[in-house]
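Keep the sequence and the coordinates open as you read.

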Amino acid sequence: MKETQEILDFCAKHGITADAEQKSGGEAPTATATMSSATITALLLLALVALCNNVKQKLCHKTIKNKHNPLPLPPGPTPWPVVGSARAILHKKPMFRWIHHLMKEMNTEIACIRLGSTHVIPVTSPTIAQEFLRKQDSDFASRPVTMASGILSSGYLTAALSPYGEQWKKMRRVLVSEVVCPARHKWLHDKRAGEADNLVKYVFNLCKTSAHQVNLRTVTRHYSGNVTRRMMFNEIFWQDGGPTIDEEQHVDAIFNALYYLYAFCVSNYFPFLVGLDLDGHKKEVQESLRTLRRLHEPIISERIKQWRDDLSLECNEKEPQDLLDVLIMLKDSQGKPLLTPQEVRAQTMEIMMAAVDNPSNAVEWAMAEMINQPELLHKATEEIDRVVGKERLVQESDIPQLNYIKACAREAFRLHPVAPFNVPLVALSDTVVAGHRIPKGSHILLSRVGLGRNPKIWDEPLKFKPDRHIMSDKAEVALTEPDLRFISFSTGRRGCIAAALGTTMTVMLLARLIQGFSWSKPSNLSSINLAEGRNDLFLAKPLVAQAELRLPSHLYLA
Ligand code: HEM
């Protein structure tokens, strides 16, 4: 109950309601326009509120330490009174690089960085990560309440972003039993297969029109967007001509929203500053939300009207065609709609955001690494030719036999995760992990880069070596990693519910690209530049590669 009240308070402070985002669009002053007066006001407010926080925190701290648990917090930078290390949010950009650098300097695999009154706990050791998500996952089954997650989930109506509570349980149950269950996966097969066919057709056409130079970032992102849109909305996207402007804007809005979703935003640690939008994050999130709403809303409201308002027999006898129909048609025990229109809208948007970035990023990186090591591409191609041949295209039913392709995708998840940290978890009570005190409310950040590139776990951690995942000829390779030696789908109560769908999307994308085309670096380059972006973990420059057809023409056009 207390958590619910905290969320309500937070939403009220941020002006978040199920439909408030549209109304508030454009109200927030821009960072540049308000910076000078805003900074002064902010500093005054900061000092005052922080003083209160500090007193409160000192009192709490004393209680925990004296009465219950004398253990130390994980090591970290000495926090300033009141604000902790919050100055770093503005001065140490990007924060994730600063945090990893700090942990390396301190030679620690768990740290504590206090931002305002929040303890942020990054972790780079699988053993410690397992303590959080395997031994004590019920203590860490919540998510933080933040500016962006509140806005993007329409006030915490959805499964992935909601803090622990009844709404999270309801929506997670709906997804597990109705959206990603094995029967639904089978039901959606033909839609995914249709988009896998569109993928090879599109690259085939690019070979003809772009002198065989293919931008694999565009291809991978739009394939992932199209598969998800097709399952969600049953619309056919991305015919031979490539993505439309709306589709481009859709994918861009998803990536932009995800970039800001759990970014280190000042107002997440000092919520009273949210209106000032000092770092401009709120404006960005609202902009992405506006685009997503513009593109989703006409389809969703038409469908709700169709299923709920048109009570003619004919309509009631119609079968659902896609996931949107499924969400709208769910009934509770009294035969009433299980989800409100706001829940349908918010959950639809969350599914779109959950499904696009991981498969596309993994495959873009895998292709870049493999083009630089052609012997790996050769081995992967040989596997497909052996398992599938050259007379038909790879199908989902081939996936269990494609161990080497899966090892390549798995290696991309290990070495090149899409985000530096796992989706944050929140401690529901004071507890102890790895001999350290973890106060209630701490934000736990399992480091995807820290785990996947940990030199104590991985030999030559920075080298792309898919063979490290092949244990024997017989053992099937999976993309899941429940031991948390890296994070793909994570584990525990808040772990990803869609490992089967995520694996299918990723492996089909990689396998079709490798089966359909011979890939090499553009002739003007000595190799693909594998540098990461400064502010994120994507390839710094979108991957552009040379593609040659390797199958009979009729297969591309099927
Ligand atoms: C390759 C694709 C995907 C990867 C690698 C992936 C990875 C993840 C990760 C790392 C988490 C956070 C787990 C944690 O907090 O410990 C997560 C959560 C989640 N994912 Fe996925 N995901 C993928 C695709 C999908 C898809 C397609 C869906 C939806 C249909 C989905 C739905 C969710 C949901 C609902 C959660 C939150 C669960 C909760 O908080 O209770 N994911 N995913």
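A residue counts as buried if 20 or more other C-beta atoms lie within 10 Å of its own, as exposed if 12 or fewer do, and as partly exposed in between, with C-beta atoms placed from the backbone. By that count, buried residues make up 46% of the 558 residues in the protein. This is a predicted model: local features need pLDDT of at least 70, side-chain atom pairs count only at pLDDT 80 or more, and totals for chains, interfaces and linings use all residues. Residues are numbered from 1 along each chain as its sequence is written.

Secondary structure comes next. Helices (H or I, at least four residues) and strands (E, at least two) are DSSP runs, numbered from the N terminus. The protein has 22 helices and nine strands. Two residues are in contact if their C-beta atoms, placed from the backbone, lie within 7 Å. Of the contacts with a separation of 6 or more, 77% join residues 24 or more positions apart.

Now the core. A nonpolar core is a set of buried Ala, Val, Leu, Ile, Met, Phe, Trp, Tyr and Cys residues joined through C-beta atoms within 7 Å. The largest one holds 143 residues. Ala257, Ala366, Met367, Ile405, Cys408, Ala409 and Leu510 touch the most other members. Helix α17 (residues 341–372) supplies the largest share of this core, 17 residues. Ala257 touches Leu152, Val285, Ser288, Leu289 and Met353, leaving aside residues up to four places away in sequence.

Several of these names return where helices meet. Axes are lines fitted to C-alpha atoms, for helices over the stretch in contact, and angles run from 0 to 180 degrees between N-to-C directions. The axes of α17 and α21 come within 9 Å and cross at roughly 35 degrees. Asn358, Pro359, Ala362, Val363, Ala366 and Met367 in α17 meet Gly502, Met505, Thr506, Leu509, Leu510 and Leu513 in α21. By class, this contact has nine nonpolar, three polar and no charged residues. Here Ala, Val, Leu, Ile, Met, Phe, Trp, Tyr, Cys and Pro count as nonpolar, Asp, Glu, Lys and Arg as charged, and the others, Gly among them, as polar.

Helix α19 (residues 403–415) also meets α21 (residues 499–516). Their axes come within 10 Å and cross at roughly 115 degrees. From α19, Ile405, Lys406, Cys408 and Ala409 contact Thr506, Val507, Leu510, Ala511 and Ile514 of α21. Those residues divide into seven nonpolar, one polar and one charged.

Turn to the strands. Two strands pair if DSSP finds at least two bridges between them. Four strands form an open sheet in the order β1-β2-β7-β4, with mixed pairing. β1 (113–115) and β4 (425–426) stand at the edges with a single partner strand each, so one side of each has no neighbour in the sheet. β4 pairs with β7 (residues 443–446) in the antiparallel sense over two bridges. Val426 has His443 of β7 as its bridge partner.

Elsewhere, β8 (residues 517–520) and β9 (residues 544–549) pair in the antiparallel sense over four bridges. Phe517 stands opposite Leu549 in β9.

Finish at helix α6 (residues 126–135), where seven of the 10 residues are buried. They are Pro126, Ile128, Ala129, Gln130, Glu131, Phe132 and Leu133. Their cover includes β2 (118–123), β5 (431–433), β7 and α20 (448–452).
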